[in-house]
Amino acid sequence: MRLDKIIARSRIIDLRSLTLETALEELLDVCIARFPDLKRDAILKGLLARESTMTTYLGLGVALPHVRVKTSRRYILAIGRSRPGIRHHGAMSNERVHLIVMLIAGESARDTLQVLASIGRLVREQELVDSFVNAPDIDTLYERLLGGFGGMRPIQAQQNRVNRLMFRQ
């Protein structure tokens, strides 16, 4: 599966929120507009629980919140951009999150860790992150995301007993 196949223009937004929780709510709203069967409160609770366990802040102004839920879809990706930035407890005191890449994975998705790793590697390049954040409009941001993710496939991890156990969780 290519990562550019899970990016949809309708789920890329400019965030108005100033906190992570309300930003996640905004991103969930655009997901639920397309997939009304998603359970908004359960997903939000899962995202926040994951965040309280271990931060999803990657650095360079990027957060990658993710959750596994019961859904027939393998992945739903929503991306929010905040030019002024959002306060995030995982970031340094003077850092703000400018890009939130939220991944909702279905329970049947077996390569979730590889997808997360691939996204994480892409947003480790300051120049690329800056080009996303500074895109003049959402259509340009979408085109830049497609270019960044284009052709990028999740890393193939060797299956072993530990990996299989982690995938079941």
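Is arginine 73 buried, exposed or partly exposed, and what is its relative accessible area? Arginine 73 is partly exposed, with a relative accessible area of 22%; buried means under 20% relative accessible area, exposed over 50%, and partly exposed in between (1.4 Å probe, protein chains only). The points below place this residue in its setting.

1. Basis of the model. This is a predicted model, in which local features need pLDDT of at least 70 and side-chain atom pairs count only at pLDDT 80 or more, while totals for chains, interfaces and linings use all residues. Residues are numbered from 1 along each chain as its sequence is written, and side-chain values use heavy atoms, with hydrogens and water left out.

2. Confidence. The predictor's confidence in each residue, pLDDT, runs from 0 to 100. Its mean over the protein chain is 84, and 85% of the residues reach 70 or more. Confidence is highest in strand β1 (residues 12-14), at a mean of 96, and lowest in helix α6 (residues 161-168), at 48. Two stretches call for caution. Over residues 151-158 pLDDT stays under 50, and the model has 23 contacts beyond four places in sequence for them; a contact means heavy atoms within 4.5 Å. Over residues 163-169 pLDDT also stays under 50, with 12 such contacts. Where pLDDT is low, the predicted coordinates should not be read in detail.

3. Overall architecture. The protein chain has six helices and six strands. These are DSSP runs numbered from the N terminus (helices: H or I, at least four residues; strands: E, at least two). Along the sequence their order is β-α-α-β-β-β-β-β-α-α-α-α. Of the 169 residues, 50% count as buried. Among contacts between residues at least 6 apart in sequence, 72% join residues at least 24 apart. The chain exposes about 8,900 Å², of which carbon and sulfur atoms supply 52%; accessible areas come from the Shrake-Rupley method with a 1.4 Å probe, and for residues only the protein chains shown count as cover.

4. Strand β5. In β5 (residues 75-86), 10 of the 12 residues are buried, so this strand is largely enclosed by the rest of the structure. Strands β1 and β5 pair in the parallel sense over three bridges; two strands pair if DSSP finds at least two bridges between them. Isoleucine 13 has glycine 80 of β5 as its bridge partner. On β6 (residues 97-106), β5 has an antiparallel partner, joined to it by eight bridges.

5. Strand β6. Nine of the 10 residues of β6 are buried, so β6 too is largely enclosed by the rest of the structure. Strand β3 (residues 62-63) pairs with β6 in the parallel sense over two bridges, and alanine 63 has isoleucine 100 as its bridge partner in β6. Strand β4 is also parallel to β6, with four bridges between them; here arginine 68 is the bridge partner of alanine 105.

6. A salt bridge is a side-chain nitrogen of Lys or Arg within 4 Å of a carboxyl oxygen of Asp or Glu, and the count comes to five. Side chains of opposite charge can pair when their charged atoms come close. One of the salt bridges joins aspartate 14 and arginine 81, with the closest N and O atoms 2.7 Å apart. This pair links distant parts of the chain, since aspartate 14 belongs to β1 and arginine 81 to β5, 67 residues apart. Aspartate 14 is partly exposed at 36% relative accessibility, whereas arginine 81 is buried at 1%.

7. Salt bridges between loops. Arginine 73 meets aspartate 37 in a salt bridge (3.2 Å, N to O). Arginine 73 lies in the loop between β4 (66-69) and β5, and aspartate 37 in the loop between α1 (20-34) and α2 (40-53), so the pair ties together parts that are 36 residues apart in sequence. Aspartate 37 is partly exposed, at 43%. Arginine 74 and aspartate 111 also form a salt bridge (3.0 Å, N to O). Aspartate 111 lies in the loop between β6 and α3 (112-122) and arginine 74 in the loop between β4 and β5, so this pair ties together parts 37 residues apart in sequence. Aspartate 111 is buried, at 17%, while arginine 74 is partly exposed, at 39%.

8. Helix α3. This helix is mostly covered, with eight of its 11 residues buried. Among them are Val115, Leu116, Ile119 and Leu122.
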